[in-house]
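Hi,

Here is the structure I promised to pass on to you. Have a look at it first, and then read on for what turned up in it.

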Amino acid sequence: MNVKKFIAATARDALRKVKETLGNDAIILSNRGVPGGVEIMAVAARDMAMIVPTQVHETPRPERKQPESHADDDYRVVLSSARARISQPPQPTVVPAPASHQHVAPRPAASTVNAGIPRTGALRQMENVRPGPSVPPPSRGVPASSVPPAASAPASVARRPEAEVVPMEVMDEIRSLRKLVEQHMAGFAWGETARSEPVKTEVLRRMLDAGFSPQFSRDMLADLPREMNALEAMAWVKGSADRSLVTIGQENDIVDRGGVYALVGPTGVGKTTTTAKLAARCVLRHGPSKVALVTTDGYRIGAHEQLRIYGRILGVSVHLVKDANELRQTLLELQHKHMVLIDTMGMSQRDKLVPELTDMLAGCDVQRLLLLNSTSRGDTLDDVVRAYAGETLAGCILTKIDEAASLATVLDVIMRHGLKLQYVSNGQRVPEDLHLPNRGYLLHRAFKDVPEGSPHRLDGVESGLMMANAGMVAVGGSRG
């Protein structure tokens, strides 16, 4: 096969040379840019036909004279033998005729691609491309006659091979290996940190045992001075937590300030009982005529009657509303009251009605108090805060602290989300079991040590593994 090289300043000039030398049916093998122009490797069609065997034989037909090829004729694509085998669809098997009747298949017409394949898809797009001066030279395997001399060759349309899809089983194995490596690294890092910073390691273990989250523990220990002993370090961490906890005092009690407040939160957190406790505190200070109760809970059986019983005991009025219009009208009638408390329907933090409730209260200029259950898990409390967060959230009330073994988890959530703690509730008595927050008592309950024999106490490298699962391999990653 006689391969020739053509170099010209532009692709148009190079193609013209190819046509003049090898004819309109010349096969372009490659093209590339070279200093000063374009280089095209081409071969004559007759030379290519010598190495590409004819696979299909048909009954001889009288040959028609092909029209003379001009620059503006439709171009056709003749692929090399290897590419033809890939691009052609399976051809039907044809029984060869006797030797006397064998005849070479005629050359395909200009409107087909390799043995009658119509131009579709990418090849049709190549035909419709308008040539421009910045279009690169033609792709390999395209004959010189396929590109008009007055236009640059179209860009290559050969698709890149798609990325191989990794089976799900392989990905699971990779994740398992990664987890195993992380755990080993966490164990090594924990051992190294325990040797280099034993005080910080011990404080971290005690915080995790108490129920604080790895993120909060990491933040508290970030600036711990290294020269402190264990006793001083615990006092330093408790001081940092005390500064992070936002509470109200006697001077800014909402019962004295007054206003319209709605108690919101998940089911079973104690909204109705806490509403009655707040109403009783306000009645003791300002009288029953200055307080009103409103309930939106028309779903739970007996919810309205329960609040109405509290209202009769306290001597305050109780109103039932069903929608935003009724609530707005009721609040307009109660605007002379010192405090209006709204008991809302309890619903899961993942309920789609939560945003509707929040919007309804915000539209009526009502501040919300979020009730948090002290016995809930930290991730559950995080979901609750995210669901009920918003500009009209005036703070939170901590309920059922008498049922919780530790207050570390719920105080962790309050401090991380920057909530203002308004009250704490520790029982069912009205109004005795509602108090302003005692910071010293709450932090003492939060940092209380776990007994030695407790099944919830971390042992050995378990603290390091727990920090690794939380995205922190070593506590020494941020040293103070």
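First, a term you will need throughout: buried means under 20% relative accessible area, exposed means over 50%, and partly exposed is in between, with a 1.4 Å probe and protein chains only. Please keep in mind that this is a predicted model, where local features need pLDDT of at least 70 and side-chain atom pairs count only at pLDDT 80 or more, while totals for chains, interfaces and linings use all residues. Residues are numbered from 1 along each chain as its sequence is written, and side-chain values use heavy atoms, with hydrogens and water left out.

Now the overall picture. The protein chain has 17 helices and 14 strands; these are DSSP runs numbered from the N terminus, with helices being H or I of at least four residues and strands E of at least two. Of the 480 residues in the protein chain, 41% are buried. Taking contacts (heavy atoms within 4.5 Å) between residues at least 6 apart in sequence, 74% join residues at least 24 apart.

On to the rings. Rings of Phe, Tyr and Trp (its six-membered ring) pair if their centres lie within 6.5 Å; planes under 30 degrees apart count as stacked, over 60 as edge-to-face and the rest as tilted. That rule gives two aromatic pairs. One of them is F212 with F216, a stacked pair at 5.3 Å centre to centre and 20 degrees between the planes. Both F212 and F216 are buried. F212 also pairs with F447: the centres are 4.8 Å apart and the planes at 40 degrees, so this pair is tilted. Because F212 lies in the loop between helix 6 (198–210) and helix 7 (214–221), and F447 in the loop between helix 16 (439–446) and helix 17 (462–469), the pair ties together parts that are 235 residues apart in sequence. F212 and F447 are both buried, and ring pairs link F212, F216 and F447 into a cluster.

Next, the nonpolar cores, meaning sets of buried Ala, Val, Leu, Ile, Met, Phe, Trp, Tyr and Cys residues joined through side-chain atoms within 4.5 Å. The largest has 60 residues, and L372, L411 and I414 have the most contacts inside it. Helix 15 gives the most to this core, with six residues. Leaving aside neighbours within four places in sequence, L372 is in contact with residues including V269, L381, I397 and I414. A second, separate core has 26 residues, among them Y261, A279, Y423 and L436.

Which buried residue has no salt bridge? That is R445, and the nearest side chain of opposite charge, D402, is 7.8 Å away. Here a salt bridge is a side-chain nitrogen of Lys or Arg within 4 Å of a carboxyl oxygen of Asp or Glu; Lys and Arg count as positive and Asp and Glu as negative, with His and the chain ends not counted. R445 sits in helix 16, and a polar atom of its side chain lies 3.1 Å from the backbone oxygen of I401.

Finally, some backbone details. A cis peptide bond joins V430 and P431, with omega about 0 degrees; P431 is in the loop between strand 13 (420–425) and strand 14 (434–435). D365, a residue other than glycine, has a positive phi near 60 degrees, and D365 is exposed at a relative accessible area of 68%. K400 likewise has phi near 60 degrees, and at 21% relative accessibility K400 counts as partly exposed.

Best wishes

Methods:
Polar contact = N/O pair within 3.5 Å; in protein donor to acceptor, adjacent residues only side chain to side chain.
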